[in-house]
Amino acid sequence: MKRTMATAVTAALIATLTACGGESGGDTLRVGTLSDSRPNAYQENGQFTGFDNELLRDIAAKEGLKLEFVSVDFSALLGQVAGGTFDIGSAAIAQTDARKQTVAFSDPYNYQSLGIETTGTGGVTDENSLAGKRIGVVQGTVSDTWLAANAPGAEAVRFPNDAAALSALKSSGIAGAVFDQASAEDYAKKNPGLKVTKEITTNIPHGYAVKKGNNDLLGKLNDGIKKTIADGSWQKVHQQFEPNAPVPADFKAGQ
């Protein structure tokens, strides 16, 4: 009976890891990511995917790393990386000075851009139109800090994730929202009535987050990023998930 129960528990655990999109095995790295932030990091048919996660899989294959992906709210991600709950944070994380106080970052693998999104009925056009309006952001993101710095008259409504902000926007609970540009465009494409009214480009790089002091892992990530750029893998993944976004010169094959 004990053997049967142990077998059942083991089988259930394996099934759970598979449903979460993780790969089990020795020395597996736990990756904290998002389940709803298309096209960067999301879950589809039980599998974690998106530009950031598929690029990380390619890096892992080149560096001989095993990964297990786990969903977490963005607002908790960096703290959990710093605390050792996750080995890597993968979620289009912009490398701001404030975040560098908490975690270490890999070399850049993309750059941050934002999109202001609305239903078209709230008078939202650009940052100058946001004063006095309820504008949704995901707590702790660059969108959150950008709104505070560039539209101080707006009422920031902070959500734990994209899905909650998107739901509030669609139900007119907020007049607009600020998302990552690629995510905003994807939401507009898949939700009739939504539109991106302003795109904001920044020079803030994205990076994978690791615990400070984990230089061995950081070195492997950086080496893998270089390899994906050199052999064209970066551009292939970018084309798959962000076909309409230009490829920055830093990431063109052969660099």
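**Figure 1. The salt bridges of the model.** The structure holds 13 salt bridges. A salt bridge here is a side-chain nitrogen of Lys or Arg within 4 Å of a carboxyl oxygen of Asp or Glu. Side chains of opposite charge can pair when their charged atoms come close. This is a predicted model, in which local features need pLDDT of at least 70 and side-chain atom pairs count only at pLDDT 80 or more, while totals for chains, interfaces and linings use all residues. Residues are numbered from 1 along each chain as its sequence is written, and side-chain values use heavy atoms, with hydrogens and water left out.

**Figure 2. Lys226 and Asp107 form a salt bridge.** The N to O distance is 3.0 Å. Lys226 sits in helix α8 (residues 215-230), and Asp107 sits in the loop between β7 (104-105) and β8 (110-118), so the pair ties together parts that are 119 residues apart in sequence. Helices (H or I, at least four residues) and strands (E, at least two) are DSSP runs, numbered from the N terminus. Lys226 is partly exposed, at 48% relative accessibility. Asp107 is also partly exposed, at 28%. Buried means under 20% relative accessible area, exposed means over 50%, and partly exposed lies in between (1.4 Å probe, protein chains only).

**Figure 3. Asp144 pairs with Arg158.** Their side chains meet in a salt bridge, 3.0 Å from N to O. Asp144 belongs to helix α5 (residues 142-150) and Arg158 to strand β10 (residues 155-159), so this pair ties together parts that are 14 residues apart in sequence. Asp144 is buried, with 8% relative accessibility. Arg158 is partly exposed, at 45%.

Figure 4. Lys227 is partly exposed, with a relative accessible area of 35%. Asp223 is partly exposed at 31%. Elsewhere, salt bridges that share partners join Asp58, Lys62 and Asp231 into one network.

**Figure 5. Ser183 is a buried residue of helix α7.** The helix covers residues 181-190. Ser183 has 0% relative accessibility. Its side chain reaches the backbone oxygen of Arg38 at 2.5 Å. Leaving aside neighbours within four places in sequence, Ser183 is in contact (heavy atoms within 4.5 Å) with Ser37, Arg38, Pro39, Asn40 and Asp162.

**Figure 6. A cis peptide bond runs from Arg38 to Pro39.** Its omega is near -5°. Pro39 lies in the loop between β2 (36-37) and β3 (41-44). Both Arg38 and Pro39 are among the contacts of Ser183. Most residues other than glycine have a negative phi, and most peptide bonds are trans.

**Figure 7. Asn45 has a positive phi.** The value is near 55°, in a residue other than glycine. Asn45 is placed in the loop between β3 and β4 (47-49). With 81% relative accessibility, Asn45 is exposed.

**Figure 8. Ser172 has a positive phi.** Here phi is near 65°, again in a residue other than glycine. Ser172 occupies the loop between α6 (162-170) and β11 (176-180). Ser172 is exposed, with a relative accessible area of 54%.

Methods
A polar contact is a pair of N or O atoms within 3.5 Å; within protein, one must be able to donate a hydrogen and the other to accept it, and residues adjacent in sequence count only if both atoms are side-chain atoms.
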